[in-house]
Amino acid sequence: MQVAQGSTLLHFSRNGAYQPGAAELLVLERGEGPYVFDTAGRRYVDALSSLFCAQIGYSYGTEMARAAREQLERLAFNNLWGTAHPRALELGENLADLAPEGFGKVFFTSGGSESVEAAWKIARQYHLANGDQRRRKAIARDIAYHGVTLGALSLTGVERFKEPFGPPAIETRHVSNTNAFRSELSGVGLTRALLEELEQAVLEEGPETIAMIIAEPVQNAGGCLEPPPGYWAGLREVADRYGILLVADEVITGCGRLGQWFGVTRFGATPDLITIAKGLTSAYAPMGAVLVADRVAEPLYEDKRTLLHGITFAGHPLSAAIALKNIEIFARDGVLENVRAQESGLAERLESLRELPIVGDVRGAGFFWAVELVKDEKGGRFDADERERLLREFMPARLLEARLIARVDDRGDAVLQIAPPLISTDAVLDEIVDAMRAVLEDAGRFMGVESAVAASR
Ligand SMILES: Cc1ncc(COP(=O)(O)O)c(C=O)c1O
């Protein structure tokens, strides 16, 4: 059975492409472990965890439904506007326990963009309470994606997503990201250069005007850009030197994606705010949160001070019950342990793809990896027309044929990304990397990127 697009507008999609008689729309209707099934019964390995969300895969429906049912039968809804309900309070305590030392407060949201905007508003109110009215600007990084609602969009560093919508709501200075593959520098030399650039930006903007620096522990857009050594400690130092708050956007890297509840803890620095969403419930229900360091939350508790932010559905009892169950499942079924045990094996398998001439770089951490696609052995970049052919005409169809759900992206350079469910076994990871290899071999041939040896065969 093929289901048509009908009336539904697809997000970040060329909607015209799926009109009757054009491309077939992939409609997924069932899941099992790390696999999803379309309406024709075809099975795909979901190597993207449905946009970095499905941490525990798709086989916990019965258990999650039981938690949801118990909650819905008891209390379907209450908000957090001056009242509360037990599940949100319990979840807040659980997250504070899982968070780094000193993170005792949690503000719930319904998703990632809302978490980012809530972090901004909490940062602003912290500065206002301290008499720092002038701190109205943010620093973010090139190509980074922090969401698309208008506040979060200001922080996002992808110009073509922003330009149609006019001046940004938050004045934001973008600085270089941590792309080592496209830099002449690496290691501590790269760290030094990036931190000098950051500090220079702070000085040019006026340190007293900057409220926060926001960065992902491993930047997604651009293709899993890891921080060079000492980078996060350096961000912390710059932030402290100028009284700026440091926000780790962990909407992707949080909730086990890098093998910890909070990925930033891998990189030796403690931020002031942490944004999460996606994996908090393993996507069995929508939910996000901002974790707030005690010292940042402190002014919010002053006599007669109101927290000027609220979202009706944030901390919904149904989502909170599911998030609590998700946390329980993580501990019970060794989800983080699985990521840690498999990380080096996955890295090794992916590294083996470097022998394909179209693969220029392999990078990532935990269960979050990208392969950068290049047009020659010197790492040449595909131009816009070539990216159109490779990433939009060739790869999506070829990936589906290989029954592999992975992401092709060119917000930066051309990359193929994977983020398997955190419960994936050795065999599933093998299946993913084997399928990637087959697709990339064909992609190389399609684009005429072949090694001299292969071409002479
Ligand atoms: C790092 C980061 N921040 C924020 C967001 C926005 O999240 P949402 O799409 O849930 O609004 C995303 C979404 O992918 C993200 O990757």
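I count two residues as in contact if their C-beta atoms, placed from the backbone, lie within 7 Å. I take helices (H or I, at least four residues) and strands (E, at least two) as DSSP runs numbered from the N terminus. My axes are lines fitted to C-alpha atoms, for helices over the stretch in contact, with angles from 0 to 180 degrees between N-to-C directions.

**Ground rules.** This is a predicted model, so I kept in mind that local features need pLDDT of at least 70, that side-chain atom pairs count only at pLDDT 80 or more, and that totals for chains, interfaces and linings use all residues. Residue numbers start from 1 along each chain as its sequence is written.

**Helices on the sheet.** I looked up H4 and found that residues 112-129 lie across S4, S5, S7 (210-215), S8 (245-249), S9 (273-276) and S10 (288-292). Helix H4 runs at about 30 degrees to S10. Then I checked H7, residues 187-205, which packs on the sheet and touches S5, S6 and S7. The direction of H7 makes about 150 degrees with that of S6.

**The sheet.** I traced 7 strands in an open sheet, ordered S4-S10-S9-S8-S7-S5-S6, with mixed pairing (two strands pair if DSSP finds at least two bridges between them). S4 (105-109) and S6 (171-175) are at the edges with a single partner strand each, so one side of each has no neighbour in the sheet. The average twist from one strand to the next is 20 degrees. I also looked at S5 (residues 137-141): 5 bridges join it to S6, and the two run parallel. Lys137 has Glu171 in S6 as its bridge partner.

**Around the ligand.** I found 13 residues surrounding the ligand (a residue is near if its C-beta atom, placed from the backbone, lies within 6 Å). The closest are Gly111, Gly112, Ser113, Gly147 and Val251. H4 gives the largest share of this shell, 3 residues. By class I get 5 nonpolar, 6 polar and 2 charged residues (Ala, Val, Leu, Ile, Met, Phe, Trp, Tyr, Cys and Pro are nonpolar; Asp, Glu, Lys and Arg are charged; the others, Gly among them, are polar).

Most residues other than glycine have a negative phi. I noted Ser49, in H1 (residues 49-52), with a positive phi near 50 degrees. Ser49 is buried, with 29 other C-beta atoms within 10 Å (buried takes 20 or more, exposed 12 or fewer, partly exposed in between, with C-beta atoms placed from the backbone). I also noted Ile143, in the loop between S5 and H5 (150-155), with a positive phi of about 70 degrees. Ile143 is buried too, with 22 C-beta neighbours inside 10 Å.
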